[in-house]
Structures are given as structure tokens and as C-alpha cells.
Amino acid sequence: AHYATLLTDVAAWDLMVTNRRRAEVVTGAGVGEVAALVAAECLPFEAAMRFVYRRAQRIAELVGDDKGKALLLMGTSEQALLPALSREEGELHLTHRLSPDCFVVWGDRSAVESFEAEAQGAPGLKILPATARGPLHTPLASGWEDEWADLWEECLGAAALRPSKAAVHRVSDGAYLGTPEALRDMVVRQYSRPVDWTATVRCLIERGYRSFVELGPGKVYTTLVKRIDSNTRVANVEDIKSLATALKVTR
């Protein structure tokens, strides 16, 4: 799935480039953050493919028979959510801040199910299952950073990150990264940090960006942009029809 995501993201980007569109700023979540480096023309596509493919294989080995569970929570606030994450059965981790009222939590199955049972029936709260891939985007994954650093160097080989042709913003907090060292650190520590899409979008809006295009299948993140700030223009590129809309948005 990781490998396919990278391929579809880059293929969608190629459609934009073919139609004379260039990004001023790029960002992404998970594999999308690596694809953003390819779009910014600082990471060779071949190196990105090797890294994503081999990292996905290793994650599958590390996670193994994972006993965790993840939930997507809509219709709450972080302030209301945080006190409920510390439970007798274990700590729940806030892995994704997707919009001001939308979050993903992950933890041991018993702790998550305890939370779910307690939260059922809360006014306005919608609870949906989310994809669980072990402790990704939690501090529990920090022990894998040295392995990702070694893998990164191995997959790049003699190649080096080139100067970025678009501003790259880290999705864990929205920070702008202007050096190869910072970009490498972003990739190495990517799965040790929660995704904060809310902070990232707000940071970009503060910098004056109002048009957003999501590359690859679906429009989850563009929908979330609207939830964060309705005064934005959004589009996605997943086929020829959606490409036509994206070209209008970025005209």
C-alpha cells in the first residue's frame, strides 16, 4: 500500500507538471510527505521508491501481529478529548489532528475499546474504525529512527538531496524546512511524531496560500482543508475529470 501510494501521488503530480503547473509549497502525511520531496525535485524518484518499499517491508516485520486499535473521532475538541486518553487499561495516543473537530487515536485494543464504550452516545460525537499500523505517529516508534536513518542513507546511495524547488512544510507541526539536513530529519522522525494537519494548513494560510490540490486517490485531505478554513479553494487529482478542476483552481 505504501509503494502504491507513492506511485499514484507522483503520477498525479506528473499530470500537473505536464499541464504547466508548479507548486509553490508542498506537504503530505505519511508516504505523501516523501512524495512531496519528489514533487519539490529534491529527492530522486528512484531513491524514494526504494526507501518507501523497503521501509514498508520493515514496518510489517516490526509491527507483526499488532494488538493495537485505532479510531477516527469526529465532532469533538482536543480539549475535551485529552483527559480521556489516560486510562487504567493503558495510554491512548493522539496520532492525527485532522481538523479542529476530527482526530485519530491509537492504543492497546483493551484501552481503545474501554474508551469507545465510555464515549458511545456522547452528543455530536461520531466514532469510526481507522486503519491501525502499530504505533506509527507515536513516541513508541522513536526506537526505529536509527534504522530509518541507515535505510535512508542506503537508498540514496551516492545521490544527495538537491535544493528544493518548492517550499517544504513538515506535517507534524507545519514548520518550513529549508535545509537538506532538516528534510532528512523529517523523514527519519516522520513516524515518531503525530500528524498535525490542522496546524500545517493554518501555517500555510498564514503565509498567504489559499489554493490546495491533493494528489492521488480520494480527497480526504482537501475536505479537511475546508473543515479547517472554509475560505479556501480546494481540488484533487485522481483522474482526468478531477485534473480539469485542479487546473482551474491553480490558474
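Q: Which residues does Thr250 touch, not counting residues up to four places away in sequence?
A: This is a predicted model, where local features need pLDDT of at least 70, side-chain atom pairs count only at pLDDT 80 or more, and totals for chains, interfaces and linings use all residues. Residues are numbered from 1 along each chain as its sequence is written, and side-chain values use heavy atoms, with hydrogens and water left out. Contact here means heavy atoms within 4.5 Å. With residues up to four places away in sequence set aside, Thr250 touches Met16, Arg21 and Val213.

Q: Is Thr250 buried, exposed or partly exposed?
A: You'll find Thr250 in the segment after helix H10 (240–249); helices are DSSP runs (H or I) of at least four residues, strands (E) of at least two, and both are numbered from the N terminus. Buried means under 20% relative accessible area, exposed over 50%, and partly exposed in between (1.4 Å probe, protein chains only). Thr250 comes out at 29%, so the label is partly exposed.

Q: How many Å apart in space are Thr250 and Arg233, C-alpha to C-alpha?
A: Start with the sequence: Thr250 and Arg233 are 17 residues apart there. In space, C-alpha to C-alpha, the gap for Thr250 and Arg233 is 9.0 Å.

Q: What is the phi of Glu41, which is not a glycine?
A: Most residues other than glycine have a negative phi. Glu41 isn't a glycine, yet its phi is positive. Look for Glu41 in the loop between helix H2 (31–39) and helix H3 (45–63). The phi of Glu41 is about 65°.

Q: Where is His137, and is it buried or exposed?
A: His137 is another non-glycine with a positive phi, about 65°. Its place is in the loop between strand E7 (126–130) and helix H6 (145–156). With a relative accessible area of 7%, His137 is buried.

Q: How many residues apart are Arg22 and Glu41?
A: Arg22 is in the loop between helix H1 (2–18) and strand E1 (25–26), and Glu41 is in the loop between H2 and H3. The pair links distant parts of the chain, with a separation of 19 residues.

Q: How many salt bridges does a search of the whole structure find?
A: Among the pairs, Glu147 and Arg58 meet at 2.3 Å, N to O. Glu147 lies in helix H6 and Arg58 in helix H3, so this pair ties together parts that are 89 residues apart in sequence. There's also a network that links Lys69, Arg109, Glu113 and Glu116. Across the whole structure, the number of salt bridges is 16.

Q: Are H2 and H3 roughly parallel or roughly antiparallel to each other?
A: Axes are lines fitted to C-alpha atoms, for helices over the stretch in contact, and angles run from 0 to 180 degrees between N-to-C directions. Under 35 degrees counts as roughly parallel, over 145 as roughly antiparallel, 65 to 115 as roughly perpendicular and the rest as oblique. H2 and H3 pack at about 170°, with their axes 9 Å apart. That is why H2 and H3 are called roughly antiparallel.

Q: What is the handedness of the crossing of H3 and H6?
A: H3 and H6 pack at an angle of about 150°, with their axes 9 Å apart. That makes H3 roughly antiparallel to H6. A crossing is left-handed if the near helix is turned anticlockwise from the far one by less than a right angle, and right-handed if clockwise. For H3 and H6, the crossing is right-handed.

Q: How many charged residues does the contact of H3 with H6 have?
A: From H3, the residues include Arg50, Arg54 and Leu62, and those from H6 include Trp148 and Glu154. Ala, Val, Leu, Ile, Met, Phe, Trp, Tyr, Cys and Pro count as nonpolar, Asp, Glu, Lys and Arg as charged, and the others, Gly among them, as polar. By class, the contact of H3 with H6 has nine nonpolar residues, no polar ones, and a charged count of six.

Notes: A salt bridge is a side-chain nitrogen of Lys or Arg within 4 Å of a carboxyl oxygen of Asp or Glu.
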